[in-house]
Amino acid sequence: MIVRTTEEITGTERDVTSEDGQWRSKRIVLAGDKVGFSFHETTIEPGTVNAFHYANHIEAVWLVEGTGKLYDLDNDKVYDLAPGSMYLLDGHERHRVEPETRMRMLCVFNPPVTGREVHDENGVYPLVVESA
């Protein structure tokens, strides 16, 4: 059994902030935990523009705080996001998130991320395999 709090991972290598300070990801469960997925609490600051493309991962996102817009860049659609909204990037869609207020989301990735990934210039996480 794994029991972990966001408080205990704050300030550790599991607590990652983007270089520009627009988002923060607390990686609660990672590939090294060997459960087949990773689980993150992510916050995105209001008034920012955040482009992502998880070409190597499926991501499910549940918004628990805040409001904003989700732009599906592959299908030219825009969605309003508010607490209780969920989106699933099951087609590896390129997308952009623009928070109106600070957004806090709970995110699940499959395959799991290791915690060492960095978004490239296209917003993509490379596929990093956790060694045994």
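These are my notebook entries on a predicted model and what I looked up in it.

**Ground rules**

I number residues from 1 along each chain as its sequence is written, and I work with heavy atoms for side-chain values, leaving out hydrogens and water. The model is predicted, so I take local features only at pLDDT of at least 70 and side-chain atom pairs only at pLDDT 80 or more, while totals for chains, interfaces and linings use all residues.

**Entry 1: strands**

I started with the strands. Strands are DSSP runs of E with at least two residues, and helices are runs of H or I with at least four; both are numbered from the N terminus. Two strands pair if DSSP finds at least two bridges between them.

I looked at strand 1 (residues 15–17) and strand 2. They run antiparallel, joined by three bridges. Asp15 stands opposite Lys26 of strand 2. Five residues lie between the strands of this hairpin, and Gly21 there takes a positive phi near 75 degrees.

Next I checked strand 2 against strand 3. Six bridges join them, and they too run antiparallel. Ser25 has Thr42 in strand 3 as its bridge partner.

Is strand 2 enclosed or open? I needed the cut-offs here: buried is under 20% relative accessible area, exposed is over 50%, and partly exposed is in between (1.4 Å probe, protein chains only). Six of the seven residues in strand 2 are buried, so the rest of the structure largely encloses this strand.

I also noted a general point. In a regular strand, side chains alternate between the two faces of the sheet.

**Entry 2: rings**

How many aromatic pairs does the structure hold? I found two. Rings of Phe, Tyr and Trp (its six-membered ring) pair if their centres lie within 6.5 Å; planes under 30 degrees apart are stacked, over 60 edge-to-face, and the rest tilted.

I took Phe52 and Tyr54 to begin with. Their ring centres are 6.0 Å apart and their planes at 10 degrees, so this pair is stacked. Phe52 is buried at 10% relative accessible area. Tyr54 is buried at 5%.

Then I turned to Tyr54 and Phe109. Their centres are 5.0 Å apart with planes at 90 degrees, so this pair is edge-to-face. Tyr54 is in the loop between strand 4 (50–52) and strand 5 (58–65), and Phe109 is in strand 10 (residues 103–110), so the pair ties together parts 55 residues apart in sequence. Phe109 is buried, as is Tyr54. I wrote down Phe52, Tyr54 and Phe109 as a cluster linked by ring pairs.

I also checked for a charge over a ring, where NZ of Lys or CZ of Arg must be within 6 Å of the ring centre and within 35 degrees of the ring normal. The charged end of Arg96 sits over the ring of Tyr71, 4.3 Å from its centre.

**Entry 3: salt bridges**

Side chains of opposite charge can pair when their charged atoms come close. My rule for a salt bridge was a side-chain nitrogen of Lys or Arg within 4 Å of a carboxyl oxygen of Asp or Glu. The count came to nine.

I noted Glu65 and Arg104, which meet at 3.2 Å, N to O. Glu65 is in strand 5 and Arg104 in strand 10, so I logged a link between distant parts of the chain, 39 residues apart. Glu65 is partly exposed at 35% relative accessibility, and Arg104 is partly exposed at 22%.

Which residue forms a salt bridge with Asp80? I found Lys69, with the closest N and O atoms 2.3 Å apart. Asp80 lies in strand 7 (residues 77–81) and Lys69 in strand 6 (residues 68–72), so the pair ties together parts 11 residues apart in sequence. Asp80 is exposed at 58%, whereas Lys69 is partly exposed at 25%.

**Entry 4: a surface patch**

Last, I looked for a nonpolar patch. Patch residues have over 30% relative accessible area and no salt bridge; like charges are joined within 9 Å and nonpolar side chains (Val, Leu, Ile, Met, Phe, Trp, Tyr) within 5 Å. Accessible areas come from the Shrake-Rupley method with a 1.4 Å probe, and for residues only the protein chains shown count as cover.

I found Ile2, Val35, Phe37 and Val108 making a nonpolar patch of about 290 Å². Val35 is in the loop between strand 2 (23–29) and strand 3 (38–44). At 39% relative accessibility, Val35 counts as partly exposed.
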